[in-house]
Amino acid sequence: MTSPVETIQSVQLNEQEDELILLDQTLLPNKKAYLHLSTIKEIWDAIYHLKVRGAPAIGIAAAYGIYLETKKSKAVTFPELYDDFQKNKQYLASSRPTAVNLFWALNRMEECLQKVAEKSITEIKNALKEEAEKIRIEDEIVCRSIGEHALTLLKPGFGILTHCNAGTIATAKYGTALAPVYLGKEKGYDFKVFADETRPLLQGARLTAWELQEAGVDVTLICDNMASLVMKEGKVQAVLVGCDRVAANGDTANKIGTSGLAILAKYYRVPFYVCAPLSTVDIECETGDDIPIEIRNPEEITKAWYEKPMAPENVKAYNPAFDVTDHELITGIVTEKGIAYPPYRDSLLNLVTKER
Ligand code: MRU
């Protein structure tokens with residue numbers, strides 16, 4: 001068995017060809033194919049259409065994307081280069097609104113650009129490449145560390161319920177919510193993972209079930225509406241989810257359906273943990289009400305995956321891609337610097353400042 005953790009890098013830079021190589025996540029599990037993208041428009045489309053997805057992976061793709069596009073710039077002075085950079089930054093930032101890692105990575109690239117403003121254009125472009133590489137390499141270290149902290153919350157044999165895909169392909173390596181599952185596997189913890197199918201785009205069925213099965217983890221696929229029964233049957237000892245943005249008060253945006261799971265977990269007294277790199281914590285967002293929620297094409301509900309449409313022609317469909325879980329429902333937020341517990345306003349701020 002070849003674990004995707006060891007064999008797949010979902011976002012890579014091919015410096016020789018000036019291209020971004022992305023695992024096309026829309027084709028999984030049926031086909032493992034890589035896209036070779038060289039224009040910013042192609043990279044924007046790949047993010048928008050979820051060919052690359054998962055908050056950290058989106059951030060890494062955007063960092064490489066802005067480097068590749070800046071490299072093409074014909075600017076001869078810093079202000080000209082900065083103008084080009086800004087246009088490209090705004091364009092990439094318009095691809096998806098909820099995952100803050102996209103903006104975090106683009107802002108980090110801009111800070112890097114400003115720091116080397118006095119250098120030659122060639123040196124500035126090289127600095128951007130190094131920064132994008134750093135973002136990817138750091139994400140791998142961060143995810144491993146999240147996995148180590150999260151593992152301290154789990155016992156061998158635990159049933160773990162997860163939603164969407166917060167696995168290795170959503171990050172540089174390991175994933176966030178799935179990192180402790182992979183690290184537990186190395187230690188023989190024998191977890192039993194329940195993967196929510198995750199309507200409407202089936203990230204749980206197509207991606208989580210696939211990557212865990214490939215890695216030899218005991219994984220059982222369930223439809224989203226089965227989570228309550230599985231918890232009632234006592235099969236779940238912890239819920240682990242990733243996230244796209246955490247507000248200063250601990251409210252957390254993640255894939256649509258996450259907040260319902262948190263409500264169920266509270267009812268059945270199952271601990272509910274959010275796994276989040278600190279790059280996903282947005283201290284500028286006071287509460288979840290400030291987090292923009294992406295609304296996607298209703299055809300993802302009515303037509304995608306079906307041979308024939310499975311809803312009446314022209315029926316109204318509402319397709320928010322994320323929801324916000326109230327901080328009161330979250331047992332702990334696991335970051336690379338440790339686990340934040342309520343009250344989150346203090347504990348998150350402590351961890352964020354510890355990082356700087
Ligand atoms: O719309 P998606 O598939 O990009 O949504 C992804 C999620 O909701 C993940 O749980 C989140 O980004 C965490 S990825 C480590």
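Helices here are DSSP runs of H or I with at least four residues, and strands are runs of E with at least two, both numbered from the N terminus. Keep in mind that this is a predicted model: local features need pLDDT of at least 70, side-chain atom pairs count only at pLDDT 80 or more, and totals for chains, interfaces and linings use all residues. Residues are numbered from 1 along each chain as its sequence is written, and side-chain values use heavy atoms, with hydrogens and water left out.

Let us start with the overall layout. The protein chain is assigned domain 1 (4-143) and domain 2 (149-355), with bounds that come from an automatic or database domain assignment. Their C-alpha centres lie 25 Å apart. Where the domains meet, 33 residues of domain 1 are in contact (heavy atoms within 4.5 Å) with 37 residues of domain 2.

Now look at helix H2 (residues 40-48), where Ile40, Ile43, Trp44, Ala46 and Ile47 are buried, that is, under 20% relative accessible area with a 1.4 Å probe and protein chains only, against over 50% for exposed and in between for partly exposed. Seen down the axis of H2, these buried residues fall within an arc of 160°, so they line one face of the helix; the arc is that of the directions from the helix axis to the C-beta atoms. An α-helix has 3.6 residues a turn, so residues three or four places apart point the same way. Among the elements covering the buried residues of H2 are strand E2 (19-23), strand E3 (34-37) and helix H3 (55-72). After H2 comes Leu50, with a positive phi near 65°.

Some backbone details deserve a visit too. Most residues other than glycine have a negative phi, and most peptide bonds are trans. Leu28 and Pro29 are joined by a cis peptide bond with omega about 5°, and Pro29 sits in the loop between E2 and E3. Another cis bond runs from Arg199 to Pro200, with omega near 0°. Pro200 belongs to the loop between strand E5 (192-196) and helix H8 (203-214), and Thr198 lies in the loop between E5 and H8 as well. Thr198 has a positive phi near 70° and is buried, with a relative accessible area of 0%.

Finally, turn to the loop between strand E4 (159-162) and helix H7 (179-186), the place of Thr168. Thr168 is buried at 2% relative accessible area. Beyond its neighbours within four places in sequence, its contacts include Pro4, Val5, Tyr182 and Glu211. Cys164 is found in the loop between E4 and H7 too; its phi is positive, near 60°.
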